[in-house]
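Please examine the sequence and the structure shown here before reading the notes on helix packing and nonpolar cores.

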Amino acid sequence: MKYVTLNNGVKIPQLGYGVYQVEPTEAGRCVNDALGAGYRMVDTAQAYHNEEGVGAAVKKSGIARSEIFLVSKIWIGNYGYERAKASIDESLRQLQTEYIDLMLLHQPFCDYYGAYRALEEAYREGKLRAIGVSNFQPNHFIDLASNVEIVPAVNQVETHVFCQQIRSKEYMDEFGTHTMSWGPLAEGRNGLFVNPVLKEIGKVHGKSVAQVALRYLTQRDVIIIPKSVHRNRMEENFNIYDFELTPDEMERIKSLDLAKSAFFDHNDPETMKMFMGWRAL
């Protein structure tokens, strides 16, 4: 397992397990399988409605709480200082823990400045070990990072071989903020699992397309949280540190970048309303 040091000195596993779209009733089983496969970071969110299952699985695992890195996110319905403050306490209760290792703002919408003040306060109180944001595009990110007391440790954004966030990562690097990828396998979109470049490189290393795609991100110093509900896939996604892509292979994969989302059309107002949380989940 490789760890990354955040801008406040906290160490975070570079590879974690994400529970987006994992049913609340399945969250416990999935997290238990992931922990059994070796994962030591779990990424959840208030909007996923499965914090309780995640917390129960961690508590029942028998693994010391200090060895498991928990990530959650404040949903926009809880933005504003007072609501965000209360929601942090509720997430702590749901997760059955005295602290959350990394807490993010889920979207750059509504009163995110007020919500971020609540994050800063909870950080100082020891309820959160690190704080950050999610889905903040460069204009949102730079504005926030330039005007808060505690610079975000992480910005979790869509990042995969077809949407590599190269320019955005450069901005975040300037602030000492780590890029964290959601959708590191693009949910198979754009034919990722049959991509000829990834298949050819995988054949050289005796690895799957998914393993090559994930390894590419980690070699770019991106934190990743691949999600699967199948134990064998969890194990496959976890087994990516026993090979290294060559500079030439890295360049070939870099050329796959389409520099646009595989999920959202940023020119379509209706699509963006859903993405930005204008409709309830």
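The following briefing covers a pair of helices, one further helix and the nonpolar cores. This is a predicted model, in which local features need pLDDT of at least 70 and side-chain atom pairs count only at pLDDT 80 or more, while totals for chains, interfaces and linings use all residues. Residues are numbered from 1 along each chain as its sequence is written, and side-chain values use heavy atoms, with hydrogens and water left out.

**Helices α2 and α3**
- Helix α2 (residues 51–60) packs with helix α3 (residues 81–95) at an angle of about 45°, and their axes are 7 Å apart.
- The two helices, α2 and α3, are therefore oblique to each other; angles under 35 degrees count as roughly parallel, over 145 as roughly antiparallel, 65 to 115 as roughly perpendicular and the rest as oblique.
- Glu-51, Glu-52, Val-54 and Gly-55 of α2 make the contact with Ser-91, Gln-94 and Leu-95 of α3 (contact means heavy atoms within 4.5 Å).

**Helix α6**
- Ser-168, Lys-169 and Met-172 are buried in helix α6 (residues 166–174), where buried means under 20% relative accessible area with a 1.4 Å probe, protein chains only.
- The buried residues of α6 fall within an arc of 100° seen down its axis, so they line one face of the helix.
- These buried residues pack against α5 (138–145), β8 (154–158) and β9 (178–182).

**Nonpolar cores**
- The largest nonpolar core has 74 residues, and among those that touch the most other members are Tyr-17 and Leu-119; such a core is a set of buried Ala, Val, Leu, Ile, Met, Phe, Trp, Tyr and Cys residues joined through side-chain atoms within 4.5 Å.
- Helix α8 (residues 209–219) gives the most to this core, with seven residues.

Note on methods. Axes fitted to C-alpha atoms, helices over the stretch in contact; angles between N-to-C directions. Helix = DSSP H or I, 4+ residues; strand = E, 2+ residues; numbered from the N terminus. Buried < 20%, exposed > 50% of the residue type's maximum accessible area, 1.4 Å probe, protein only. Arc of directions from axis to C-beta.
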